[in-house]
Amino acid sequence: MAMSSSTPTASSSMNMGGMGGMGHHTTASMSMPMSSSTGSSSMDMGMHMSMNTFLTTKYSGYPVVFKNLSAASGGAAFGIFCVLFFTAFAFRGLGFLSAYLEQTVFRDPKKFDLSENETTHHTHQDEKNVINESTRSTDMESVLVKKRDAENNRSVIAKFFAVTPSSLYRDFIRVILAFVSAMLGYALMLAAMSFIIPYFFAIILGLSFGEVFFHRLASVMEINTNNSICESLH
């Protein structure tokens, strides 16, 4: 009788021990992902809290635009200051360059237009022949006038789709200028959003000096910078 009564007690204690071990294993397995998720969330929160949200003079180790562009010393910070200054200065210069090309180079076929240079050369040769042949001068002038009138009387759509190699070359240059200007402008915006005071003032000073310099240059060369392609991106 004593042996039979002790057997269920031992088996029940073994079952309870097994259940206890399973419970301990389950608790450990559940605690591991919770601890890892908590660590990642705290890391993300730490990274978020490390971002500047107000103007500060602390630049050490803070990346600007690029991951590896950061300053660990005052000399490195001054180097980034110079890079941002001259980038902002060049950004203003792109607006002047665009206006200069539109108002001087693109409008003068002798300087730029590839196809019209040959046409102009042939026109000069024809004019010499007309001078030698006085009897044909009146007819040649009338033909030129009619041709000019036909060009002016074309519709806007016809003029828009009148594509030549020279017009495609001009549009390609316009795309390059607009692309570079937009890229520099948004890069300067991201650098200013670092909220680091030296970098912020580098951008402001570069834009200010560039505005004064290129405005004076445009006034001397009689260039209207308000009509440039890059002006709309400022």
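Author: A search of the whole structure finds three salt bridges. The model is predicted: local features need pLDDT of at least 70, side-chain atom pairs count only at pLDDT 80 or more, and totals for chains, interfaces and linings use all residues. Residues are numbered from 1 along each chain as its sequence is written, and side-chain values use heavy atoms, with hydrogens and water left out.

Reader: Why is the contact of Arg92 and Glu211 called a salt bridge?

Author: The term requires a side-chain nitrogen of Lys or Arg within 4 Å of a carboxyl oxygen of Asp or Glu. Here the N to O distance is 3.3 Å, so the pair qualifies.

Reader: What makes this pair a tie between parts of the chain?

Author: Arg92 belongs to helix α2 (residues 74-105) and Glu211 to helix α7 (residues 197-221), so parts 119 residues apart in sequence are tied together. Helices are DSSP runs (H or I, at least four residues), numbered from the N terminus.

Reader: Which partners does Arg174 have?

Author: Arg174 forms a salt bridge with Glu102, with closest N and O atoms 2.5 Å apart. Another salt bridge joins Arg174 to Asp171, at 2.6 Å.

Terms used. Helix = DSSP H or I, 4+ residues; strand = E, 2+ residues; numbered from the N terminus.
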